[in-house]
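Please look through the sequence and the model below before reading on. The report that follows takes up pockets, a helix, charged pairs and some backbone angles in turn.

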Amino acid sequence: MPEGGLYEPDQFEPLSDEQWDSGRVEDAIDAIVADTEAAFDADSLWPAHEWDAYIYEAGHPLKVLYSGAAGVAWALDALRRSGHADPSLDLAGIAMRALELERAEPDATADEHYRPGALLDGETGAVLAAFRLTSDSRLADDLHALVRGNVDNPTDDVSWGAPGTLLVALAMHGWTGETRWLDAARESAEALRARRGDDGLWRQDDDYRGLGTLHGAAGNTLALLRLERDDALARETAAVLAQHAVREDGFANWPGATGRPLVRPRDGRICLQWCTGGPGILAGAWEYLDEDLVLAGAELIWRAGAHRDEKGHGLCHGTSGNGFALLKAFARTGDERWLERARRFAVHALGQAERMAATNGRRRYSLFTGDVGTALFAAACLDLDTRFPIVDVM
């Protein structure tokens, strides 16, 4: 195994020896839900972790889907729909309050990519969560305008751009059956295809052509394939991802973008997480990527172990996000070894969440970086549901 060649061993820790026990997992999910409910405040929503507040430069309650109240409400509702929670909070009311506050003072305006139409960090995600919980037709109209207004967003990724709102349109078509949503999805897809470069990639910034699910080709291709089957597109993206894979001794990882080394230029770090690196590639491209690359990426994730507390246990860049990639390896191969390994990650992530909460004096209340996201991963392992939250489940 490469010593730091494909990842940074000192950024990971061995998985705990605790074995999978469904009763223990259900109890841990219940504890997360109970604590999340107890921490809610009608005025301040949920307390923001310092990192989440920092990235938004926010001194106010966080509202967006990524790490704000809309995402927490979404996650609690998702746990309820799957039978893993019975929350007592008025989730519809919380989602509407989050939307009201987001409209008054958006979370992410300090980011150069910000537009209200952004799925994870803009108004769209908050409206989507509110509609899911209320079925209010006025919200559907608002959401339709946001989706169509995001078609020409120059940041072509799931987080900010048209690929994310394409997924929203498809979700709304599935929930409502209204043809206007299919029309909106096709409009987004047409624009997205037109902006795809000759190299099979899309632009996120002037010098950034991303590869992953959150910011790049795997996520954009996922959105287009969700609309309609396209074997040629799948083959072409698989070839691009194979071309840029960094392989060593039967393992594989990926840089965040083409033309860049595994070592990230801005901070000298090698990433192995859902938002950047192999876990995100597997999460988005597991169905069509060469199977040997799926397995090489999954073996590296398993060998690395769990993220340490600096990255944490969450979905975006933590232990749970990496564990979802192992669920994708299970989905691709049917080999229950990968399910067992994903469950080991879930057990560790739940324990990590408990330990970090005890150290910090409170849990982390966010979908993509916090405890409710980890609860969703644990529930997925219980249910053999390999779909990644939001991106696969809307």
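## The second largest pocket

Which residues lie nearest the centre of the second largest pocket? In this predicted model, they are Ala 78, Leu 376, Asp 385, Arg 387 and Val 393, which belong to a lining of 19 residues. The space in this second largest pocket comes to about 350 Å³.

Two helices, H3 (69-81) and H15 (371-383), each supply at least two residues of the lining of the second largest pocket, and H3 gives the most, with five residues. Sorted by class, the lining of this pocket holds twelve nonpolar residues, six charged residues and one polar residue.

## The largest pocket

The largest pocket has a volume of about 1500 Å³. It is lined by 48 residues, and the closest of these to its centre are Trp 51, Ile 55, His 215, Arg 264 and Arg 266.

Which helix gives the most to the lining of the largest pocket? That helix is H2, spanning residues 50-56, which contributes four residues. When the lining of the largest pocket is divided by class, 21 of its residues are nonpolar, 16 are charged and eleven are polar.

Helix H14 covers residues 336-360, a run of 25 residues, and the span from its first C-alpha to its last is 36 Å, close to the 36 Å expected at 1.5 Å a residue.

Both ends of the helix can be described in some detail. At the start of H14, the backbone nitrogen of Arg 337 has a side-chain oxygen of Asp 335 within 2.9 Å, while just after H14 comes Gly 361, which takes a positive phi of about 85°.

## Salt bridges

Side chains of opposite charge can pair when their charged atoms come close. How many salt bridges does a search of the whole structure find? The search finds 37, and some of them are described here.

Glu 123 lies in helix H5 (residues 123-134) and Arg 103 in helix H4 (residues 91-104), so the pair ties together parts that are 20 residues apart in sequence. Is Glu 123 buried or exposed? With a relative accessible area of 16%, Glu 123 is buried, whereas Arg 103 is partly exposed, with a relative accessible area of 39%.

## A further pair and a network

Asp 141 and Arg 180 meet through their side chains in a salt bridge of 3.0 Å, N to O. Distant parts of the chain are linked by this pair, with Asp 141 in helix H6 (residues 137-149) and Arg 180 in helix H8 (residues 179-195), 39 residues apart. Asp 141 is partly exposed, with a relative accessible area of 42%, and Arg 180 is partly exposed as well, with a value of 25%.

Beyond these pairs, there is a network of salt bridges in which Glu 13, Arg 308, Asp 309 and Arg 355 are linked.

## Positive phi angles in loops

Most residues other than glycine have a negative phi, and most peptide bonds are trans. Against that background, Leu 45 deserves a look, as a residue other than glycine with a positive phi near 60°. Leu 45 is placed in the loop between H1 and H2, and the residue is buried, with a relative accessible area of 0%.

Where does Ser 135 lie? It is found in the loop between H5 and H6, and although Ser 135 is not a glycine, its phi is positive at about 60°. Ser 135 counts as exposed, because its relative accessibility is 54% and the cut-off for exposed residues is over 50%.

Terms used. Residues numbered from 1 in each chain as written. Predicted model: local features only at pLDDT ≥ 70, side-chain atom pairs only at ≥ 80, totals over all residues. Heavy atoms only, no water. 1 Å grid on protein atoms, 1.4 Å probe; cavity = no way out; pocket = protein on both sides within 12 Å on 5 of 7 lines; lining within 4 Å. Points joined across faces, edges and corners; volume = space filled by probe spheres on them. Nonpolar A, V, L, I, M, F, W, Y, C, P; charged D, E, K, R; others polar. Expected span 1.5 Å × (residues − 1). Polar contact = N/O pair within 3.5 Å; in protein donor to acceptor, adjacent residues only side chain to side chain. Salt bridge = Lys/Arg side-chain N within 4 Å of Asp/Glu carboxyl O. Buried < 20%, exposed > 50% of the residue type's maximum accessible area, 1.4 Å probe, protein only.
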